[in-house]
Amino acid sequence: MAKQKKKKKYRHFWIFFKIQLVLFLLLAAAVGYYYGGGYAQTVAQLKQDADTLVARSREELFRKGETGLVYDRKGKLLKAYKGERDSYYIEIQDVPDIVIETFIAVEDRKFYKHKGVDYLAILRAVIAMLRNGRVTQGGSTITQQLSRTVFLSMEETWERKMEEIFIARNMERKYTKSQIMEFYLNNIYFGNGYYGIQAAAQGYFSKNIDELNLSQTVFLCAIPNNPSMYDPVNNKKNTLARRDRMLDAMQEQGVISRMAAQEAKEKKIKLKRKKGIQKNNYVETFVNYCAIRALMKQQGFEFQYYFDSEKEEKKYDKEYKKLYQECESSLYTSGYRIYTSIDTGHQKKLQEALDNGLAAFSDVNEEGVYKLQGAGVTIDNTTGLVTAAVGGRSQEFEGYTLNRAYQSFRQPGSAIKPLLVFTPMLERGYTPDSIVLDEPFEDGPENADGVFEGAITLRHAVKRSKNTIAWKLFEELTPVAGLDYLKAMNFSKIDPEDERLPPALGGFTVGVSPLEMASGFAALQNDGCYREPTCIVKIEDTQGNLIYTSQAGEDERNRKAKKNEAEGTRIYKSNAARMMTDMLQTVMKEGTARGLGLGDMPSAGKTGTTNDNKDGWFAGYTRYYTTSIWVGYDQPARLPGLTGSAYPGEIWHNYMMSIHENLTPMDFIPYIEKKEIDMDFAG
């Protein structure tokens, strides 16, 4: 019996010994990997860099940001990106206590206890991530957040995180807690170009921070966690929801009473943005969008529009939003010099044409915005760059930022036929002289004019915008094959449900934007080659170093060596694109766009009208420029008399006449004639 007890005793000892041995070996392996893999040297270098950054820092560093400048196509200053930190820097003694208490309660409860890093919080965040398979809570202190905002990028790498920790520890040694809190409150980003709590108060409420009530204060404090998701202008519901969660947390910690929390939740938040600061200028919002995406591309981000699974799409969306937010923030602090293709003359004339064309419609919605709207985009066919983007009618309205030129997606009607149906079929052996049969058939569409003409040429079918022919050709082509052409040109809202026949007539689940339509028709003019529609020519840093150049810059160099070759991504065969252009010239002279031509200047174009006259489109081009125009209500509704040739066509005509004034007429490149093919459709 004593022998068995002894064995049991030794068995426990050996189990303990083996466990310790395994742990020792794992630790030894980790240490060996750390030093042998070069990580020790990397960490040492990161620490040295962090020591240098903080040692050289002065209080002035936290009080200013670089001003970015944007230029139009002629080199004239178009806009300045300037954060509000200089104008609205606020000393810590002038910050209401509730602001500091709010951020500590929500962002860093141990702010006054830790020395820059809360290691337990980091451990909890790691455990939560391993348990949930994704990041569900942060581990960064206020000092760490300030460290990466001022000194580092936002990329998620272990090196950046390690350097952030070193910087935070050094900052706590050099600056007091009050200084760190002051720097933090003046440097964090509140979206829409506002840096710092005072700038946010002025920007969103036109008041000083000490003039805001509890509800408004916590509302502002909800933004920096994710300025894109909690953007008060575009995602106000999200901001309010986070405000309420923060009020609950503050009540649980005893910062405020239950009654105060409830009263704050019940308060209505009404923004009162300062005039001259809000982004309701269509050029500004479009330049922002293009510049941010250019910076994302410069960082190696690959844009994607279609996914194999919902999981893949969610992962992409998360990465996109995060980097978009970071690049947007950098516009106001990095001092970029952004050179664009925006032609202020074109922009002004397009805006005037749109406003004049819709002047008879003065009804407004509950927010005071015109109900009937329009949008247009112009592309320079030489470079493929956007020269004008108008996202709506001119209107003095605070805080309204929707730019319909690229943010609204609507049914295109028959305007989509050249891109989706006719040009693809011209690649497959059809010609403008091919004979097709216009007749009614089971489950087939009606023609807009209610007339069936029997055997006609394809040119005539396009001229009269025959729905029967487009439907039959699309069926022969197959919807999947047709939609692939749009996907190849980055039409971003093609839905799986669109893989059927109605898109042949413009019946999509979501729709298309004026920017997408302009780029698609510009590809036809460009011999079938697509170029990404952007207004960014190049971006330089404050020292004049080139950090981004668009494809147009590369194309310009290539164009000098290959004068007659189109640049861009090949979408359509060149001869098919030329045949389509030739037929669209007939549309302008004899078809649905008759009377909208540009005099001696050769032009090609297509009208589009949706069911019940809810959307009207006109997309057309010359050798010089391509312009697409959309007219309709933001909330789709019938407008008697709205057709592609009416309001959109007239706006297009008046505008294109003005920008082609004094330009020498230039013919399109003729297509190579082939043996015509007769096509007989069975009813």
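A salt bridge here is a side-chain nitrogen of Lys or Arg within 4 Å of a carboxyl oxygen of Asp or Glu. The structure holds 22 salt bridges. The model is predicted: local features need pLDDT of at least 70, side-chain atom pairs count only at pLDDT 80 or more, and totals for chains, interfaces and linings use all residues. Residues are numbered from 1 along each chain as its sequence is written, and side-chain values use heavy atoms, with hydrogens and water left out.

**View A. Asp-380 and Arg-73 form a salt bridge.** Their closest N and O atoms are 3.0 Å apart. The pair links distant parts of the chain, 307 residues apart: Asp-380 belongs to strand 4 (residues 372–380), and Arg-73 to the loop between strand 1 (68–71) and strand 2 (77–81). Strands (E, at least two residues) and helices (H or I, at least four) are DSSP runs, numbered from the N terminus. Asp-380 counts as buried because its relative accessibility is 7%, while Arg-73, at 34%, is partly exposed. Buried means under 20% relative accessible area, exposed over 50%, and partly exposed in between (1.4 Å probe, protein chains only).

**View B. Glu-172 and Lys-177 meet through their side chains in a salt bridge.** The N to O distance is 3.0 Å. Both residues are buried.

**View C. Glu-310 and Lys-314 pair within helix 13.** The closest N and O atoms of this salt bridge are 3.4 Å apart. Helix 13 covers residues 310–331, and the two partners are four residues apart, about one turn of the helix.

**View D. Glu-516 is buried yet has no salt bridge.** This residue is found in helix 20. The nearest side chain of opposite charge (Lys and Arg count as positive, Asp and Glu as negative; His and the chain ends are not counted) is that of Lys-493, 7.7 Å away. Leaving aside residues up to four places away in sequence, Glu-516 touches Phe-409, Asn-490, Phe-491 and Ser-492, where contact means heavy atoms within 4.5 Å.

**View E. Eight residues are not all named here, but the lining of the largest cavity includes Leu-524, Arg-578 and Phe-668.** The lining divides into three nonpolar, two polar and three charged residues. Nonpolar covers Ala, Val, Leu, Ile, Met, Phe, Trp, Tyr, Cys and Pro, charged covers Asp, Glu, Lys and Arg, and polar the others, Gly among them. Helix 20 (514–525) and helix 22 (574–590) each supply at least two lining residues. On a 1 Å grid over the protein atoms alone, a cavity is a set of points where a 1.4 Å probe fits but cannot get out, and lining residues have an atom within 4 Å of a point.

Terms used. 1 Å grid on protein atoms, 1.4 Å probe; cavity = no way out; pocket = protein on both sides within 12 Å on 5 of 7 lines; lining within 4 Å.
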